[in-house]
Amino acid sequence: MNKITLRQILIPLITISIICFFWFGPFRITIENIIISILIIIASYIEYKEKPFSALGFQREKFTFKNIFVLAPLVALGLFIFYVFLLVPGITELTETPIDYSSFDQLKGNLPAFLITLLLVWATAGFGEEIIFRGYFMRQFVKFFGESKVSIVLNIVLITGFFGFMHSYQGITGQLVTWIVGALLALIFYLRKYDLWFIIAVHGFFNTIALTCIYFDFV
């Protein structure tokens, strides 16, 4: 593991403290993940200077039509099928509590609300959550603790566990399901050599499929 400088210790600590204030402080705003993502990019620039975006996993050479518009949607579809037919029924049977989708009820048959929500979800979840949880938290964990198998497992379990906790509005089943989906996204991110563009696309297309099903009242 490379030697870690004081700058590379202090900048993440300050950044994570500000992120926690946004999430758990007295003020809540709809686009907080977008603001946090901008903060992370600034922090990454201060920490790495020459390569703030590549440090997060934005790899220009992997931003191809095939990866983003063919492979990512196919992975998202496969993940969604697993989610609907195996994961949600299995976790629901375990907890005996259905996922709370009530926060999305206004989208059913409401095209303007659906389109606005779709744009917000791509920005706050597709880009925002992936920059925060995969691009920043996962990469910072690797920086401090390395890439041994034990480290990667702990990395995925701990960070995606927190990712699941942040979806508490969906109830306990929603949190557990999100934890597992987040772990699969994190695993894909790791196996793809930290290709953040790809995982953003997978997350975005997964949410697009899910919101479309809600719009047509399929779930």
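How much space lies in the largest pocket? In this predicted model, in which residues are numbered from 1 along each chain as its sequence is written, local features need a pLDDT of at least 70 and side-chain atom pairs count only at pLDDT 80 or more, whereas totals for chains, interfaces and linings use all residues. Side-chain values rest on heavy atoms, with hydrogens and water left out.

The largest pocket holds about 1,100 Å³ of space. A pocket is here an open set of points, on a 1 Å grid over the protein atoms alone, where a 1.4 Å probe fits, with protein on both sides within 12 Å along at least five of seven lines; lining residues have an atom within 4 Å of a point. Grid points are joined across faces, edges and corners, and the volume is the space filled by probe spheres set on the points. The largest pocket is lined by 40 residues, of which Phe-104, Glu-129, His-167, Tyr-169 and Gln-170 are the closest to its centre. At least two lining residues are supplied by each of H1, H2, helix H4 (65-95), H5, helix H6 (149-165), helix H7 (171-191) and helix H8 (196-215), where helices are DSSP runs (H or I, at least four residues) numbered from the N terminus. The largest share of this lining, seven residues, comes from H5.

The structure holds 24 aromatic pairs, a pair being two rings of Phe, Tyr or Trp (its six-membered ring) with centres within 6.5 Å, classed as stacked if the planes are under 30 degrees apart, edge-to-face if over 60, and tilted for the rest. One of these pairs, Phe-133 with Phe-137, is edge-to-face, at 5.6 Å centre to centre and with 85 degrees between the planes. Both residues lie in helix H5 (residues 111-145), four residues apart, which corresponds to about one turn of the helix. Phe-133 and Phe-137 are both buried, a term used for a relative accessible area under 20%, as against exposed for over 50% and partly exposed in between (1.4 Å probe, protein chains only). Phe-216 and Phe-218, by contrast, form a stacked pair, with 5.8 Å between the centres and 20 degrees between the planes, and Phe-218 is exposed because its relative accessible area is 62%. Phe-133 and Phe-137 also belong to one aromatic cluster together with Trp-23, Phe-24, Tyr-136, Phe-162, Phe-163 and Phe-165.

Trp-23 of this cluster is also linked to Asn-33, since the side chains of the two residues make a polar contact at 3.3 Å (a pair of N or O atoms within 3.5 Å, of which, within protein, one must be able to donate a hydrogen and the other to accept it, residues adjacent in sequence counting only if both atoms are side-chain atoms). Asn-33 is found in helix H2 (residues 32-48) and counts as buried because its relative accessible area is 12%. Beyond its neighbours within four places in sequence, Asn-33 is in contact (heavy atoms within 4.5 Å) with Trp-23, Thr-124, Gly-128, Glu-129 and Ile-132.

Phe-198, placed in helix H8, is buried because its relative accessible area is 4%. The contacts of Phe-198, leaving aside neighbours within four places in sequence, are with Asn-67, Ile-68, Leu-71, Ala-72, Val-75, Ile-188 and Arg-192. Although Phe-198 and Thr-64 are 134 residues apart in sequence, their C-alpha atoms are 9.4 Å apart in space.

Backbone geometry was also considered. Most residues other than glycine have a negative phi. Tyr-194, in the loop between H7 and H8, has a positive phi of about 65 degrees although it is not a glycine, and is buried because its relative accessible area is 8%. Asp-217, in the segment after H8, likewise has a positive phi, near 60 degrees, but counts as partly exposed because its relative accessibility is 47%. Tyr-194 is among the residues touched by Gln-59, together with Lys-193, Asp-195 and Trp-197, when residues up to four places away in sequence are not counted. Gln-59 has its place in the loop between helix H3 (52-56) and H4 and is buried, with a relative accessible area of 14%.
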